[in-house]
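The following questions and answers set values beside the definitions that give them their names. Please keep the structure in view while reading.

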2 protein chains.
Amino acid sequence: MNQKFEATDALYLDDLRIGQRFTSGTYHMDEDRMKAFAAEFDPQPFHLDEVAAQRSIFRGLAASGWHTAAATMRLMVESLPFAGGMAGLGGEIAWPRPTRPGDTLRVESEIIEIVPSRSKPNQGIVIVRSTTFNQHGEDVQKFTAKIIVFKRPVETNSLTMKPDGS
Amino acid sequence: MNQKFEATDALYLDDLRIGQRFTSGTYHMDEDRMKAFAAEFDPQPFHLDEVAAQRSIFRGLAASGWHTAAATMRLMVESLPFAGGMAGLGGEIAWPRPTRPGDTLRVESEIIEIVPSRSKPNQGIVIVRSTTFNQHGEDVQKFTAKIIVFKRPVETNSLTMKPDGS
């Protein structure tokens, strides 16, 4: 499937329910990419240098939490096929343990709340809790996101008929 | 100053107080870098394609929120000189409006809470609220972070003397 965002397999607000789960593919945390990301956005010794990292609170080289977050987003984009894409308003993020070079990450997401918009009848906010695991099944990130999701447009819903059948 | 994390200008837990503010330098949101970041980590049409973005909820090309977050981290690393670096446990993030190509970002941070650790006497958690502004003074990100900060090691504090002056 090349067109990930085609309406044919996109999920609208109407298709979602609390407790629904989504499992992602995997993301490989390459050491060189990890260091380059840190050099660009989070240039701290424990993300860049093995010796400094050993002496730090991380006790070894650790990815920037924002690299873990970005990798998680990639996995979420591929595994949560919301219609119109995933526009996040924000959320709560936590990094219980660091991501290490060579780690293989995957994300499990669950819908924990659905809040229809009162001012915008065609959309709602979906609260999605996504946990990012490493290859040992340990959680490296927890992210509870508020995501805007749209209702299915009426004109494409062929099951909607007037009482007279027209 | 090449060594940003030398103890000479590093701030320890002892040096921090509620209400303390830090102002960052600036980060230019280059359009090509913005699209490349999105292609790697958040490949959604409204981050990649001008025409698709115009039709989207963003009404124009928007940076991935994670790019805004990563750029904010870069500005925080440069403007919050905590001793031992900035190791974040996580926090609450919100994107009130999108970052656009060509935007110039800056970050204002304020210490809003200081919580000494009960189990680890040499450290504490500092709650820092960082707001990322664009060149129009509009907020594009709010991030309230929990950051581990260390107390000044006793052996390097030359002002600590015994009552007899030794």
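Q: What makes Trp66(A), Trp95(A), Phe143(A), Trp66(B), Trp95(B) and Phe143(B) one group?
A: In this predicted model, these six side chains form one aromatic cluster. Rings are paired if their centres lie within 6.5 Å. Over all chains, the count by this rule comes to 15 aromatic pairs.

Q: Why is the pair of Phe46(A) and Phe58(A) called edge-to-face?
A: The ring centres of Phe46(A) and Phe58(A) are 4.9 Å apart, and the angle between their planes is 70°. The cut-off for a pair is 6.5 Å, and planes over 60 degrees apart count as edge-to-face.

Q: Where in chain A do Phe46(A) and Phe58(A) lie?
A: Phe46(A) belongs to helix α2 (residues 45–48), and Phe58(A) to the loop between α3 (50–55) and α4 (65–79). The pair links distant parts of the chain, twelve residues apart. Both Phe46(A) and Phe58(A) are buried.

Q: Why is the pair of Phe37(B) and Phe41(B) called tilted?
A: The centres of these two rings are 5.1 Å apart, with the planes at 55°. Stacked planes are under 30 degrees apart and edge-to-face planes over 60, and the rest count as tilted. At 55°, the pair of Phe37(B) and Phe41(B) is therefore tilted. Both residues lie in helix α1 (residues 31–41) of chain B, four residues apart, which is about one turn of the helix. Both Phe37(B) and Phe41(B) are buried.

Q: How do you know whether Thr99(A) is buried or exposed?
A: Thr99(A) has a relative accessible area of 1%. Buried means under 20%, so Thr99(A) is buried. Thr99(A) is found in the loop between β2 (87–94) and β3 (104–116) of chain A. Leaving aside neighbours within four places in sequence, Thr99(A) is in contact with several residues, including Met29(A), Leu61(A), Leu105(A) and Val140(A).

Q: What makes the approach of Thr99(A) to Thr68(A) a polar contact?
A: The contact is between the two side chains, at 2.9 Å. The cut-off for a pair of N or O atoms is 3.5 Å, so the distance of 2.9 Å falls within it.

Q: How do you know that chain A and chain B are related as by a two-fold rotation axis?
A: Chain A can be laid on chain B by a turn of 180° and a shift of 0.0 Å along the axis, with an RMSD of 0.0 Å. The two copies are thus related as by a two-fold rotation axis. The C-alpha of Glu92(A) is the one in chain A nearest the axis, at 2.2 Å.

Q: What makes Glu40(A) and Arg33(B) a salt bridge?
A: Their side chains meet at 2.6 Å, N to O. The cut-off is 4 Å, so the distance of 2.6 Å falls within it. Glu40(A) lies in helix α1 of chain A and Arg33(B) in helix α1 of chain B, so the pair joins two chains. A further salt bridge, also 2.6 Å, N to O, is made by Glu40(B) and Arg33(A). The count between chain A and chain B is two salt bridges.

Q: Why is Glu40(A) counted as partly exposed?
A: Its relative accessibility is 25%. Partly exposed covers the range between under 20% for buried and over 50% for exposed, so Glu40(A) belongs there. Arg33(B), at 22%, is also partly exposed.

Q: What makes the salt bridge of Arg152(A) and Asp15(A) a tie between separate parts of chain A?
A: These side chains meet at 3.0 Å, N to O. Arg152(A) lies in the segment after β5 and Asp15(A) in the segment before β1 (21–28), so the pair ties together parts that are 137 residues apart in sequence. Arg152(A) is partly exposed, at 28% relative accessibility.

Note on methods:
Residues are numbered from 1 along each chain as its sequence is written. Chains are lettered from A and ligands numbered from 1 in the order in which they are written. This is a predicted model: local features need pLDDT of at least 70, side-chain atom pairs count only at pLDDT 80 or more; totals for chains, interfaces and linings use all residues. Side-chain values use heavy atoms; hydrogens and water are left out. Copies are superposed by least squares on the C-alpha atoms of residues with pLDDT of at least 70 in both. Buried means under 20% relative accessible area, exposed over 50%, partly exposed in between (1.4 Å probe, protein chains only). A polar contact is a pair of N or O atoms within 3.5 Å; within protein, one must be able to donate a hydrogen and the other to accept it, and residues adjacent in sequence count only if both atoms are side-chain atoms. Contact means heavy atoms within 4.5 Å.
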